[in-house]
Amino acid sequence: MAGARCCENPPSLSSASGSGSVVAIGGLSAYVAGSPDSKAAVLFVTDVYGYEAPNLRELADRVGAAGFYAVVPDFLHGDPFGPEKHSSIQDWLKLHAPDKAAEEAKTVVAAIKSKGISSIGTVGICWGAKVIVELAKTNEIQAAVMFHPSFVTLDDIKEVKCHISILGAEIDKLTPPELAKQFEEALSAKSEIDSFVKIFPGAAHGWTVRYNPNDELSVKKAEEAHGDMLAWFTKHLN
């Protein structure tokens, strides 16, 4: 079934990965990189595998090195999806509804703003895209990027109020190119915001954070998406 597609190519998890640190933000543990004195922050909402994924933390480190304060909270509360622990992704989703995480994300955004940061962007990855689209419907954030979103609907996109970039995969049952095209058409009708939709040829769902670091072509595709993300935030988080 389609929901299972978001669980392909699980990463090896390691809380020791990354050059950043784990702190408490908004009542959650969060991996952070970059300076909290930065003028702009990027909040990551992960896929079902959580905030310990090495490729994800490496990406957060890169965002921090680019001058942003990168924040990757543990919205899964130490319970990332794992077939050895959960009978199915559907059962896991009952415990980790995106709407609950969206409320927690609002608290995290408030905590980030309390540090004096007012310009905030969000990255939603797979499951996390459904979380950040709720933030994108408010005036709490200035920009958003979705990597291969899951469960996001056309009605969600029609309510978006911030500048948004959607980076999708050609091979994706959850947000196939046909649906991404509908997203693009809906966003193009909203003259008050900037939008960008891109489909990566040959890429499969999860390619931005669950790539094999020893596969040169996979790394190249992921890094292209990462570059697009950084360019979006550089443009819109001033």
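Tyr31 stands opposite Val72 in β4. Four bridges join strand β2 (residues 28-33) to β4, and the two run antiparallel; strands pair if DSSP finds at least two bridges between them. Strands (E, at least two residues) and helices (H or I, at least four) are DSSP runs, numbered from the N terminus. The model is predicted: local features need pLDDT of at least 70, side-chain atom pairs count only at pLDDT 80 or more, and totals for chains, interfaces and linings use all residues. Residues are numbered from 1 along each chain as its sequence is written, and side-chain values use heavy atoms, leaving out hydrogens and water.

**Sheet and helix**
- Eight strands form an open sheet of mixed pairing, in the order β1-β2-β4-β3-β5-β6-β7-β8.
- β1 (21-25) and β8 (195-204) are the edge strands, each pairing on one side only.
- Helix α3 (residues 98-113) lies across β1, β2, β3, β4 and β5 (119-125) and runs at about 160° to β3; contact means heavy atoms within 4.5 Å, and axes are lines fitted to C-alpha atoms, for helices over the stretch in contact, with angles from 0 to 180 degrees between N-to-C directions.

**Aromatic rings**
- The whole structure holds six aromatic pairs (Phe, Tyr and Trp rings, the six-membered one for Trp, with centres within 6.5 Å; planes under 30 degrees apart are stacked, over 60 edge-to-face, the rest tilted).
- Tyr49 and Phe81 pair edge-to-face, at 6.4 Å centre to centre and 65° between the planes.
- Both Tyr49 and Phe81 are buried (under 20% relative accessible area; exposed is over 50%, partly exposed in between; 1.4 Å probe, protein chains only).
- Ring pairs link Tyr49, Phe81, Trp92 and Trp127 into a cluster.
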